[in-house]
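I opened this model to look up a few residues and the overall build. My notes follow.

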Amino acid sequence: MKKIKLAVVPGDGIGTEVVPHSLKVLDTIAELHGGLAFEYEHFDYGCDYYFKHGAMMAEDGLDRLGQSDSVFLGAVGDISKVPDHISLWGLLLKIRREFELEINVRPAKVFEGIRSPLLNPKDFDLVVVRENSEGEYSSVGGRMYQGDNEIAIQNNVFSRRATKQAMEHAFELAKSRRKHVTSATKSNGIFHSMPFWDEVFKETAEKHGNIETSSQHIDALAATFVTHPERYDVIVASNLFGDVLTDVGAAIMGSIGIAPSANLNLNGQHPSMFEPVHGSAPDIVGKGIANPIGQIWTARLLLDHHGEEEMGTLLLDTMERVTADGFLTPDVGGGKKTEEVTEELIRRLKAN
Ligand code: ATP
């Protein structure tokens, strides 16, 4: 029996609603598989934990999470309770940094039955591989002078190692998809880091001769992403460009409640972490209407990561049949509850 040990951190707000439902789905997958079992260790880290203990997670929290095969996280933060710099840096970003989760993989496609602002939503089916540890989100820089003379300097940091890692991952991923990688660049306006980015992309592309490539400036790419999404299969992007593109992607998918993500550790020294793109959504918490798809699709990424691609595909295909038949939460124009959507998915998985 193959065992996958998961550290489960529902976190805050709707994280505590969509995670338990997703675990039921994972248990159904394990049952159908026959040779697979999930072992869960639950952690109540988050804003409520902060109020009780003065920290977002226990002192030995990282060690304990680090003993798992993967971390399955819901959402972290609630600005009305705890300032973002405490909640995010005390838990989510701490895990990302300490577990060296250097790339963030975000698939995007429009599910059948879900309204999208695109004219041809079927053409939108791609993956953004985002460098997750440096780039524009570095802490290098500072402010000086005062009054009208004040200036702020923010430096971008691009290391060859992290850049190459993100690109290698994008090419590997493209092999199992439509064999095309697009690089998001801006070397006509950013004179040091982006020509460097292009150089590493070219070197990586040369090693993967069977994969088609293109390179596009981010402004043009962002426009074509909407007008001609069929041109994209895998997009590799820096931290900032990837962040922006994937939020546009979530809007195209119909709701941020659908978008999944995987934060991958590539050196094998720590677990990877799987979390949906959405936050804790305090405005709908407790109503039972959170869209569970982002968390369930995230579970699919976890299955893929642990070599269970077949079960992952079954899960997503079944999810799409559920949406196609109108089992939709209010954020995507339906009237169903989180539980109803999940139960229908489980029923169909079992009926397979
Ligand atoms: P954060 O800073 O943590 O990302 P946020 O408030 O900016 O938080 P979200 O928590 O993702 O962002 O919420 C943004 C909007 O999307 C809210 O109106 C919320 O209700 C909605 N939303 C987010 N996730 C879901 C979901 N799973 N189902 C339905 N609506 C959602």
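**Entry 1: a helix residue.** I started with L88, which sits in helix α4 (residues 84-98). Helices here are DSSP runs of H or I with at least four residues, strands are E runs of at least two, and both are numbered from the N terminus. The model is predicted: local features need pLDDT of at least 70, side-chain atom pairs count only at pLDDT 80 or more, and totals for chains, interfaces and linings use all residues. Residues are numbered from 1 along each chain as its sequence is written.

My cut-offs: buried takes 20 or more other C-beta atoms within 10 Å of the residue's own, exposed takes 12 or fewer, partly exposed is in between, and C-beta atoms are placed from the backbone.

I then listed contacts, meaning pairs whose C-beta atoms, placed from the backbone, lie within 7 Å. Leaving aside neighbours within four places in sequence, L88 is in contact with V76, G77 and L93. I also took one distance: L88 and E31 are 57 residues apart in sequence and 35 Å apart in space, C-alpha to C-alpha.

**Entry 2: whole chain.** I counted 11 helices and 12 strands in the protein. The C-alpha atoms fill a box of roughly 60 × 50 × 40 Å along the principal axes.

Buried residues make up 47% of the 352. Among contacts between residues at least 6 apart in sequence, 74% join residues at least 24 apart.

An unreviewed UniProt entry annotates residues 5-345 as "domain: Isopropylmalate dehydrogenase-like". UniProt positions are in the numbering used here, feature names are shortened, and annotations may be inferred rather than shown by experiment. Over residues 5-345 the chain is 41% helix and 20% strand, with the end C-alpha atoms 23 Å apart.

**Entry 3: core.** I looked for nonpolar cores: sets of buried Ala, Val, Leu, Ile, Met, Phe, Trp, Tyr and Cys residues joined through C-beta atoms within 7 Å. The largest has 96 residues, and V71, V129, A170, V234, I235 and V236 touch the most other members. Helix α9 (residues 293-305) gives the most to this core, with 7 residues. I followed I235: not counting residues up to four places away in sequence, it touches L126, V128, T182, A184 and L245.

**Entry 4: positive phi.** Most residues other than glycine have a negative phi. I noted K179, with phi near 60 degrees. K179 lies in the loop between α5 (160-175) and β8 (180-185). It is partly exposed, because 15 C-beta neighbours lie inside 10 Å.

A281 has a positive phi as well, near 45 degrees. Its loop runs between β12 (272-274) and α9. A281 is buried, with 22 other C-beta atoms within 10 Å.

**Entry 5: ligand.** Which residues come nearest to the ligand? Of the 16 around it, they are G257, H278, G279, A281 and N291. I counted a residue as near if its C-beta atom, placed from the backbone, lies within 6 Å.

Key:
Contact = placed C-beta atoms within 7 Å.
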